[in-house]
Amino acid sequence: MSPGNSTPAAESVSSHPKIPISWPPDGSLTREWIDDLTAALEWSSRNLHPSELPNVLPFDALHRLVLTASNILHQEPNCIQINPFAGHEVGSEVRVVVVGDVHGQLHDVLFLLRDAGFPSENCTFVFNGDYVDRGAWGLETFLLLLAWKVFLPNRVFLLRGNHESKYCTSVYGFEKEVMTKFGNQGQQVYRKCLRCFEGLPLATIIANCVYTAHGGLFRTVPVIPSKRLKGKKGRKMKSSTGSSSLKLGSLEELSRARRTVLDPPWEGSNLIPGDVLWSDPSSSMGLSPNEERGIGLLWGPDCSENFLSKYQLKLIIRSHEGPDARDKRHDMKGIQDGYTIDHEVDSGKLITLFSAPDYPQFQATDARYNNRGAYIVLQPPDFATPEFHTFEAARPRPEVNAYYDFKEVIDSDEELDLESMEHSSVASI
């Protein structure tokens with residue numbers, strides 16, 4: 001199918017929305033409540049200073065929203081099995097919308113939701129991570145998607161991206177954004193968001209046909225018991241992570257990984273979360289360390305074929321790479337249209353999906369990538385044929401300052417200061 005191409009016009013809210021937004025007395029969200037929240041966030045982004053956000057969504061309402069969503073997310077498995085027909089007869093008109101990185105570009109997210117058709121009992125949404133950082137409305141974007149999750153927990157699925165971490169949010173703007181918007185209560189809001197990030201699942205399997213994850217595939221991590229230490233009841237464990245021993249991991253291993261870490265580790269025995277969030281496809285065969293990023297893997301077409309064949313899947317949909325990252329990878333296709341088909345193998349395809357048009361919002365040069373964003377629609381009978389919908393950035397964006405020094409910070413997530421990543425729990429911050 002040839003891709004659709006939509007050009008959103010700016011839709012300003014003409015009348016003053018209902019503010020402040022208060023949490024429903026019975027704790028049950030409705031579509032009307034979400035519509036009110038959407039209108040309030042869009043209006044405030046165009047008419048109020050960022051520090052006035054608490055007048056629109058007070059701390060108490062924010063706290064209850066994040067806590068409610070966090071409780072739902074923490075109860076979900078690492079890899080969620082999605083049955084689009086659940087609650088419907090087979091043959092019903094159902095569909096699944098998959099969304100890539102959105103990076104705090106609220107107005108593009110609002111357009112995407114309207115263009116794709118909002119989540120409903122007939123329309124499942126899978127968001128593939130990176131809700132925050134770089135863009136100026138990461139908090140509003142994340143809160144809006146949490147509201148949809150609370151309203152339709154079995155039709156809206158929010159996966160974790162590599163930017164949903166303490167390290168990335170301290171470098172790429174989200175922490176400062178929260179502090180700017182909520183002032184004295186900013187640190188509390190930030191901690192609540194980090195706690196919520198920890199609960200975000202890592203992957204989905206859609207209709208027993210499509211695997212989605214932010215970065216992609218992952219390794220098996222063999223644990224080798226070392227010599228028992230005298231006087232110790234336990235055994236010291238170490239992982240074998242050399243290049244020669246790298247092998248693809250299994251869905252069973254993915255289900256057992258410990259995802260509730262602030263910054264997925266780049267060494268040790270719990271490497272699967274870091275792989276799922278940080279890895280990239282390659283045009284070269286095999287599995288190797290992702291030396292450019294310093295964390296995660298590079299995997300080739302043979303690995304995609306092995307994974308698809310082993311689990312009888314047709315598609316891998318991942319995100320993680322925008323035009324800035326692909327601009328430096330001359331062996332891979334560009335992502336100007338919001339998606340690329342990176343591997344075409346006997347069993348199916350590997351797709352990279354990116355949903356933040358004209359990215360990044362702030363750049364140190366006048367020469368912009370001017371990329372389009374995209375989302376994917378999957379429909380019966382087998383959900384194996386992706387329909388690509390591309391769209392331009394919403395114009396005009398409200399004038400706003402960046403929350404990080406984009407002139408000093410590298411374009412894509414490379415040359416990471418891995419030693420500064422903290423491997424502690426939320427309770428320790």
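**A friendly note on this predicted model**

1. The model is a predicted one, in which local features need pLDDT of at least 70 and side-chain atom pairs count only at pLDDT 80 or more, while totals for chains, interfaces and linings use all residues. Residues are numbered from 1 along each chain as its sequence is written, and side-chain values use heavy atoms, with hydrogens and water left out.

2. Where does histidine 103 sit? Its place is the loop between strand E3 (95–99) and H4; helices (H or I, at least four residues) and strands (E, at least two) are DSSP runs numbered from the N terminus. Histidine 103 is buried, with a relative accessible area of 2%. Here buried means under 20% relative accessible area, exposed over 50%, and partly exposed in between (1.4 Å probe, protein chains only). Leaving aside neighbours within four places in sequence, histidine 103 has contacts that include Asp130, Tyr131, His163, Phe354 and Tyr359, where contact means heavy atoms within 4.5 Å.

3. For the overall picture, the chain has 12 helices and 17 strands. Of its 429 residues, 57% count as buried. Among contacts between residues at least 6 apart in sequence, 74% join residues at least 24 apart.

4. The buried residues of H1 include Trp33, Ile34, Leu37, Leu41 and Trp43. Among the elements covering them are helix H2 (53–56), H4 and helix H5 (138–151).

5. Now to the aromatic rings. Rings of Phe, Tyr and Trp (its six-membered ring) pair if their centres lie within 6.5 Å; planes under 30 degrees apart count as stacked, over 60 as edge-to-face and the rest as tilted. By this rule there are 19 aromatic pairs. Phenylalanine 111 and phenylalanine 391 have ring centres 5.6 Å apart and planes at 45 degrees, so this pair is tilted. The pair links distant parts of the chain, with phenylalanine 111 in helix H4 (residues 106–116) and phenylalanine 391 in strand E17 (residues 387–391), 280 residues apart. Phenylalanine 111 is buried at 11% relative accessibility, and phenylalanine 391 is buried at 0%.

6. Which kind of pair do phenylalanine 125 and phenylalanine 127 form? Their ring centres are 5.6 Å apart and their planes lie at 20 degrees, so the pair is stacked. Ring pairs also link Tyr131, Phe142, Phe174, Tyr190 and Phe197 into a cluster.

7. Finally, have a look at glycine 274, which is found in helix H10 (residues 272–278). Is glycine 274 buried or exposed? With 0% relative accessibility, glycine 274 counts as buried. Beyond its neighbours within four places in sequence, glycine 274 is in contact with Pro264, Pro265, Ser279, Ile295 and Gly296.
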